[in-house]
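This report describes a protein model for a reader who has not seen it before. The sequence and structure come first, and the notes follow.

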Amino acid sequence: MDKKFYYPADIMLPDFNKVSGTKWAVIACDQYTSEPEYWQKAEEIRKNSPSTLSLIIPEGFLSEAKERIPKINAEMEKYVSSVLKTYKNSVIYTERVQKDGKVKHGIVCMVDLEEYDYKVGSKSLIRATEGTVLERIPPRVEIRKDAPIELPHIMLLIDDDNKTVIEPITQNKKNLEKIYDFELMQGGGSVSGYLVNESDFDRINLCLSQIISDENANRLYGNAPSKLLYAVGDGNHSLATARTCYLNIKEKYGEEVAKNHPSRYALVEIVNLHDDALEFEPIYRVVFGVDREKMLVSLKNYAQNLNGNEKTQVVDVYFGDKKETIVFEKPEKQLTVGTLQDFIDAYLKENGGEVDYIHGEDVTINLSKKDGAIGFIFSGIEKNQLFKTVIYDGALPRKTFSIGHAYDKRYYIECRKIK
C-alpha cells in the first residue's frame, strides 16, 4: 500500500537503567495551570535528575517564556548529546495504568501534518474535536520554533470499534521488547512501553486504511460528507503549533525542502476511542449575571423555534432552588451541548452575562443558587457520537467533554528531533 496513515519515528529516550523514569516523566504542560504548587513539587521530586520538566514550560508560567526558552533549548541540546539515545524507525506500544487501576493502551508514532487542519469546515484526515483558540498558538510557536526536539502529549483517537489496530499488539505483548516501566510522579499511576515489531508495521497501516474505507465509514456514519481517521483527543493546540511551525518552514524554504523536513511530522500517541479505560465526562454550563426568568423564557422560545431533524434533546435548568426541564423537540445539532451553546452564545451577546464551564452536577447545582446565576445539566456525548458529530457538524462546542481526570493525562516521555 502506497498511502501511509502513520509513520515510525526515530524516537529518543533516556537509558532508564541510569535515569529515573519517575523523575524523567512530567505531566502535560496544560494541566494544573492554577496550581503552581503542583509544579513546585515536581521540581522537588526531580531534584538534579534529568527530567522533561527542564524541556517544557507549564502553561501557568507562560509569562516567563522569554527568559525560559533559551534555557530550555540549551537543555535540549545537552540532553540530545548526553542523556537521550535513539530507537530508529520505531513505534512504541504503551500501557498506562491510571489512578483507578484501568489500563489505557496506545501506540507512539508520527503523523503527517499535511493531513491535519484545525480550521472550521476542515475535511482533513486529522481534525480538532473542539474549536481551536488561535490566540493560544503564537506563544507556543515561540517555544517550538528553535527547539531541537519535540515532546508529545498529543493524543489522537481512532474509531476502531472492531479493535483491529492496537489490540492485536496487546495480545502479542509477551513477544515485545520492554524499554520502560515505572511509576509516574504525583498520583499519575504507572506506564510501560514496548518496541512494536517491524513485521507489524504494514498490518497497522492496512488496518488504519480499512477504518476509513467506504464500507466501514458507511457502516458507522451513513453517507458521510468526508473521511475522518484521527480526532484529536488531547493536545490540539500543541498539534496546531506544530503545523504552524511546519507551514512557516515551508513558506521560508519552499515546498521541496519542507517535503522532507522533520518538522513536517509530529510525534503523537494513538488511542482507540473504544479503549475501556477511556471515559468521557460532560462539562456543564453555569451563566452568571443574568435575569434568570428572562433567560428561561428566551430558552423556551428558542426551543420551540428549532426545526431540525435530530433526535429529541433534554436540558435540566437550575436557578435558585428551582428546576425546570426544557425539551428540544427538533434540534438542528447532533449534540444537546451544541444546541444549548448556540443559544447561550446568542443570548449573552445580546443581553450580557458570563458563562463558566463546570465539572460535576453537584457543583453546577450549587453555583446556580447564587443570585443572577442559572445552571444547565444535560446528557454528555457518547463515545460513538464523537466522530459522526465532528464529520457532520464540525468541531464540537468548546468545553464539550473531558477525557478523564487531570492526573490521568499524558506525561512527557518520548522525544524526537525536529531540526
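## T129 and its surroundings

Apart from neighbours within four places in sequence, T129 touches A231, V232, L386, V390, A395, L396 and F401, where contact means heavy atoms within 4.5 Å. T129 sits in the loop between β6 and α4 (137–144). Helices (H or I, at least four residues) and strands (E, at least two) are DSSP runs, numbered from the N terminus.

T129 counts as buried because its relative accessibility is 6%; buried means under 20% relative accessible area, exposed over 50%, and partly exposed in between, with a 1.4 Å probe and protein chains only. A polar atom of the T129 side chain lies 2.8 Å from the backbone oxygen of V232.

## Basis of the model

The model is predicted, so local features need pLDDT of at least 70 and side-chain atom pairs count only at pLDDT 80 or more, while totals for chains, interfaces and linings use all residues. Residues are numbered from 1 along each chain as its sequence is written, and side-chain values use heavy atoms, with hydrogens and water left out.

## Helix α13

The buried residues of α13 (383–393) are L386, F387, T389, V390 and I391. They pack against β6, β8 (155–158), α7 (214–221), β11, β13 (280–282) and β19. Just after α13, G394 takes a positive phi of about 85°.

## Pockets

A pocket is defined on a 1 Å grid over the protein atoms alone, as an open set of points where a 1.4 Å probe fits, with protein on both sides within 12 Å along at least five of seven lines; lining residues have an atom within 4 Å of a point. Grid points are joined across faces, edges and corners, and a volume is the space filled by probe spheres set on the points. The largest pocket has a volume of about 1,000 Å³. Its lining has 34 residues, and D30, E130, R136, D234 and K399 lie nearest its centre. The elements giving two or more residues to this lining are β11 (230–234), α8 (236–253) and β19 (401–403). By class, the lining has nine nonpolar, 14 polar and 11 charged residues. Here Ala, Val, Leu, Ile, Met, Phe, Trp, Tyr, Cys and Pro count as nonpolar, Asp, Glu, Lys and Arg as charged, and the others, Gly among them, as polar.

The second largest pocket holds about 470 Å³ of space. Of the 23 residues lining this pocket, Y118, V120, E130, G131 and A395 lie nearest its centre. The lining divides into 11 nonpolar, five polar and seven charged residues.

## Nonpolar cores

A nonpolar core is a set of buried Ala, Val, Leu, Ile, Met, Phe, Trp, Tyr and Cys residues joined through side-chain atoms within 4.5 Å. The largest has 49 residues, and those with the most contacts inside it are L13, W24, W39, I92, Y180, F182 and I413. Helix α3 (residues 65–82) gives the most to this core, with five residues. Beyond neighbours within four places in sequence, I413 is in contact with M12, L13, F16, W24, A25, Y180, F182 and V191. A second, separate core has 43 residues, including Y221, A231, V337 and L396.

How values were computed: Polar contact = N/O pair within 3.5 Å; in protein donor to acceptor, adjacent residues only side chain to side chain.
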